[in-house]
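The sequence and the structure come first, and the notes follow by topic.

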Amino acid sequence: MDANATGRFIAERRKQKGYTQKELAEKLMVTDKAVSRWETGKGLPDTSLLKPLGEILGVSVGELLCGKTIGETEMKDQTDRIILETLDYSKRMVPSIARVIFVIIGIALLVSPLFLASRSHIWILGVAMLATAALCAYIEKKGRPAKAGNKAYYCAAIGMQCAALILEILPVGAVMVFAAGPGERVIKVYSYFSLLPLGYANAAPMLTGLLTIAAVFLGALAVARFAKASKIRKAAFICSVLSFLLSLAPLSLFGTAGMTAASYAVSGAIFLSACLQAVANRKE
């Protein structure tokens with residue numbers, strides 16, 4: 001789709017129909033400045049306006065997007081080209097939007113210790129998210145081959161798992177809620193690898209940590225021999241999914257009291273890692 005070609009075509013058809021920019025704008029219930037932007041190639045009509053605009057100008061939507069009158073014989077080819085260009089544009093936009101979201105959340109987590117002292121360790125996840133966004137942008141800019149891109153996305157996924165593992169090692173994530181007396185509760189925070197929660201039949205933190213280690217280990221093996229490691233990558237993905245589900249187990253056992261900011265960050269990092277793994281595995 002060429003905005004300049006579409007704009008010239010709209011201006012040409014408008015003049016053939018004898019409409020001024022203001023008259024065309026009134027028929028479409030937009031401003032004449034909007035029509036001017038279209039005709040100068042500075043913007044395209046909203047998708048909701050394409051059909052009524054085409055009817056007013058006596059052309060098809062396909063002709064509007066191509067910027068020229070299309071004969072019946074080339075209509076199919078032009079329509080296919082427009083669909084493919086639209087799909088390609090959507091495919092390029094989704095990663096861009098995802099990167100923007102990663103950057104915004106990453107910056108918010110990175111600066112959170114300045115405002116929330118109790119969440120001082122969440123910055124680790126923020127760094128991981130910013131690094132992931134930077135890596136994805138680098139891949140797109142360099143136009144790396146598909147296999148190299150998949151491998152880079154997978155490395156980013158393992159990086160998120162490593163960030164989760166660091167938070168799990170620190171004594172800030174696993175929570176135990178003790179009943180000190182009638183109507184009284186004492187909340188203690190431990191490392192995911194502490195044996196104390198395990199002694200109280202709360203094995204979820206320990207299992208989450210062990211599965212995270214397994215995911216990191218299997219992921220490292222998969223990166224070393226990426227093209228021939230489909231089974232290993234599947235095993236790493238299963239470990240990631242299971243660890244994510246187990247990381248949320250304290251939420252069902254103790255409610256929000258069973259989760260800290262760090263444990264939410266662990267769950268988020270593992271979830272993002274699983275998503276990146278799924279993308280890399282599907283593209284393969």
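**Aromatic pair, salt bridges, helix faces and cavity**

Phenylalanine 271 has a relative accessibility of 42%, so this residue counts as partly exposed. The model is predicted. A search of the whole structure gives two salt bridges, the count of aromatic pairs comes to one, and there is one cavity of 30 Å³ or more.

**Aromatic pair**

- The one aromatic pair in the count is made by phenylalanine 244 and phenylalanine 271, with ring centres 5.4 Å apart.
- The planes of these two rings stand at 40 degrees; pairs under 30 degrees count as stacked and those over 60 as edge-to-face, so this pair is tilted.
- Phenylalanine 244 belongs to helix α11 and phenylalanine 271 to helix α13 (residues 261–283), so the pair links distant parts of the chain, 27 residues apart.

- Glutamate 39 and arginine 14 form a salt bridge in which the closest N and O atoms are 2.5 Å apart.
- Arginine 14 lies in helix α1 (residues 3–17) and glutamate 39 in helix α3 (residues 32–39), so the bridge ties together parts that are 25 residues apart in sequence.
- Glutamate 39 and arginine 14 are both buried.

- Lysine 51 forms a salt bridge with glutamate 55, and here the closest N and O atoms are 3.7 Å apart.
- An α-helix has 3.6 residues a turn, so residues three or four places apart point the same way.
- Lysine 51 has a relative accessibility of 55%; the cut-off for exposed is over 50%, so lysine 51 counts as exposed.
- Glutamate 55 also counts as exposed, because its relative accessibility is 55%.

- The buried residues in α4 are Leu49, Leu50, Leu53, Gly54, Ile56 and Leu57.
- Seen down the axis of α4, these buried residues fall within an arc of 155 degrees, so they line one face of the helix.
- Ser48, Lys51 and Glu55 are exposed residues on the face of α4 turned away from its buried side.
- That face therefore carries both partners of the salt bridge between lysine 51 and glutamate 55.

**Alanine 156**

- Alanine 156 is a residue of helix α8 (residues 146–169).
- The relative accessible area of alanine 156 is 6%; the cut-off for buried is under 20%, so alanine 156 is buried.
- Glutamine 277 is 121 residues away from alanine 156 in sequence, while the C-alpha to C-alpha distance between them is 8.8 Å.

- The largest cavity has a volume of about 50 Å³.
- Its lining is made up of 13 residues, of which Gly173, Ala174, Tyr192, Pro205 and Pro250 are the closest to the centre.
- Two or more lining residues come from each of β1 (174–181), α10 (204–224) and α11 (230–247).
- Helix α10 supplies the largest share of the lining, three residues.
- By class, eight of the lining residues are nonpolar and five are polar, with no charged residues.

Key:
Residues are numbered from 1 along each chain as its sequence is written. This is a predicted model: local features need pLDDT of at least 70, side-chain atom pairs count only at pLDDT 80 or more; totals for chains, interfaces and linings use all residues. Side-chain values use heavy atoms; hydrogens and water are left out. On a 1 Å grid over the protein atoms alone, a cavity is a set of points where a 1.4 Å probe fits but cannot get out, and a pocket is an open set with protein on both sides within 12 Å along at least five of seven lines; lining residues have an atom within 4 Å of a point. Grid points are joined across faces, edges and corners, and a volume is the space filled by probe spheres set on the points. Helices (H or I, at least four residues) and strands (E, at least two) are DSSP runs, numbered from the N terminus. Ala, Val, Leu, Ile, Met, Phe, Trp, Tyr, Cys and Pro count as nonpolar, Asp, Glu, Lys and Arg as charged, and the others, Gly among them, as polar. Rings of Phe, Tyr and Trp (its six-membered ring) pair if their centres lie within 6.5 Å; planes under 30 degrees apart count as stacked, over 60 as edge-to-face and the rest as tilted. Buried means under 20% relative accessible area, exposed over 50%, partly exposed in between (1.4 Å probe, protein chains only). A salt bridge is a side-chain nitrogen of Lys or Arg within 4 Å of a carboxyl oxygen of Asp or Glu. The arc is that of the directions from the helix axis to the C-beta atoms.
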